[in-house]
Amino acid sequence: MHYFEYIKGELHCEGIPISRITEKVGTPFYLYSYKTLVRHFNVFNEAFQGISHLVCYSMKANSNLALIRLFASLGGGVDVVSGGELYRALKGGADPRQIVFSGVGKKEEEIEFALKSGILMFNVESSMELRAIDGVAGRINKKAPIAIRVNPDIDAKTHPYITTGLKQNKFGIDILRAPMAYRLASELPNLKVVGIDCHLGSQLVEVEPFVDALKKLRRLVDSLRKEGMEIRYLDLGGGLGITYNDEEPPDPVEYASSILDQIRSFDCTLILEPGRVIVGNAGILVSRVLYTKENEEKRFIIVDAAMNDLVRPSYYGSFHQVLPVKKENREEIVADVVGPVCESADFLAKGRKIQKLHPGELIAVMSAGAYGFSMSTNYNSRPRVAEVLVRDDEMHVIRKREGYEDLIRGEKIPKFLLESTLKG
Ligand code: LLP
């Protein structure tokens with residue numbers, strides 16, 4: 001359930017008609033529903049009530065400061081994967097003691113930044129990284145709390161680009177080699193082993209992979225404890241899927257109840273890193289129809305949002321529902337919804353049945369709250385779009401639309417070129 005619904009034929013977000021927001025901010029823009037965000041976070045968090053746990057929102061899904069602030073105010077921590085995300089998380093008001101730092105390629109300056117900020121733990125993905133963290137920690141006189149990200153070699157049955165827990169993926173340390181890595185970690189003087197971590201992939205629509213991974217981790221944790229290692233945190237990563245079209249993923253309560261018994265047996269504080277399931281269906285992308293055209297084979301609806309604004313359809317072939325903001329009693333057509341970018345891969349939807357649309361009318365690309373804005377780029381020198389948060393009947397611009405000057409920020413023409421005379 002979310003708060004995007006038709007009232008008298010027009011799509012609303014909470015109490016506001018979308019056309020009214022468009023008048024204020026122009027198009028395209030991302031639009032998030034506050035009530036949906038809060039509800040999704042709380043439902044997920046409460047699904048694990050009764051066991052010691054921490055929900056570390058995976059901010060790569062949507063890293064806007066306002067969202068960070070919101071989830072922090074609801075008691076959430078953050079999962080970060082770069083110095084930039086850590087910077088944002090702190091600026092958004094997240095408590096550093098509730099931040100976990102994942103990723104295969106942490107740089108020394110990022111490690112130092114995280115240590116100085118006092119994060120909860122590093123999820124470490126290789127032996128070399130263990131040594132690097134130990135080195136930085138020693139240099140600045142700190143003890144680094146670490147968990148090892150274990151790759152359990154489990155097929156998450158999701159899109160190959162977003163599966164991460166298979167041997168062939170770059171992520172984590174192979175479960176058979178993990179004991180060796182833990183031994184190394186406990187010998188290095190500036191590290192403190194505090195937990196174990198695993199993340200299987202994204203957009204998982206079944207619980208079995210989680211159940212299977214927990215079985216494998218459980219055996220590993222037993223043997224690590226026998227060796228005297230202290231495993232206080234069990235980080236199960238993120239990955240719970242959402243409905244874009246006809247997927248039927250378990251809801252957070254089903255997800256939690258099917259793993260809770262196993263989790264209890266670990267006697268750990270559980271950490272979860274949900275991203276998509278919290279924000280995915282809390283956001284949409286609103287765009288305006290520019291032109292329509294057709295040839296013998298196809299019809300196209302050309303809109304002002306493009307693959308640089310929402311890359312998921314072209315990158316993963318992802319399905320996003322496309323709805324007319326105003327439902328009219330018109331003929332339905334089958335069309336590709338495409339943007340102005342100069343690539344054939346620039347589409348938001350292909351072969352989609354949709355009411356006939358005219359230039360100037362608005363469309364809503366649904367389920368765009370996760371990996372939408374956060375993956376957007378300036379390709380084709382397109383300024384990045386605005387982001388708006390609606391709460392009841394108030395709207396707040398939480399990121400203003402970029403202008404042309406933002407496009408060239410930081411660029412410089414070297415002096416020798418400035419001195420050369422321009423032809424023509
Ligand atoms: N934790 C780790 C270590 C991750 O790598 C990810 C996502 C998450 C948590 C959050 O996963 P979620 O709950 O959102 O599934 N751009 C792709 C998704 C990439 C996911 C990368 N890692 C997409 O648009 O589908």
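## Aromatic rings and their contacts

K106 lies over the face of F101, at 5.6 Å from the ring centre, where a charge counts as sitting over a ring if NZ of Lys or CZ of Arg is within 6 Å of the ring centre and within 35 degrees of the ring normal. A further charge of this kind is R218, placed over the face of F266, and both contacts are listed here.

| Charged residue | Ring | Distance to ring centre |
|---|---|---|
| K106 | F101 | 5.6 Å |
| R218 | F266 | 5.8 Å |

The model is predicted, so local features need pLDDT of at least 70 and side-chain atom pairs count only at pLDDT 80 or more, while totals for chains, interfaces and linings use all residues. Residues are numbered from 1 along each chain as its sequence is written, and side-chain values use heavy atoms, with hydrogens and water left out.

The structure holds 10 aromatic pairs, a pair being rings of Phe, Tyr and Trp (its six-membered ring) with centres within 6.5 Å, called stacked with planes under 30 degrees apart, edge-to-face over 60 and tilted for the rest. Among them, F44 and Y255 form a tilted pair, 6.2 Å centre to centre with 35° between the planes. This pair links distant parts of the chain, with F44 in helix α2 (residues 34–47) and Y255 in helix α9 (residues 252–266), 211 residues apart; helices (H or I, at least four residues) are DSSP runs numbered from the N terminus. Both F44 and Y255 are buried, meaning under 20% relative accessible area, with exposed over 50% and partly exposed in between (1.4 Å probe, protein chains only). F44 and Y255 also belong to one aromatic cluster with F48 and F210.

Key
Helices (H or I, at least four residues) and strands (E, at least two) are DSSP runs, numbered from the N terminus.
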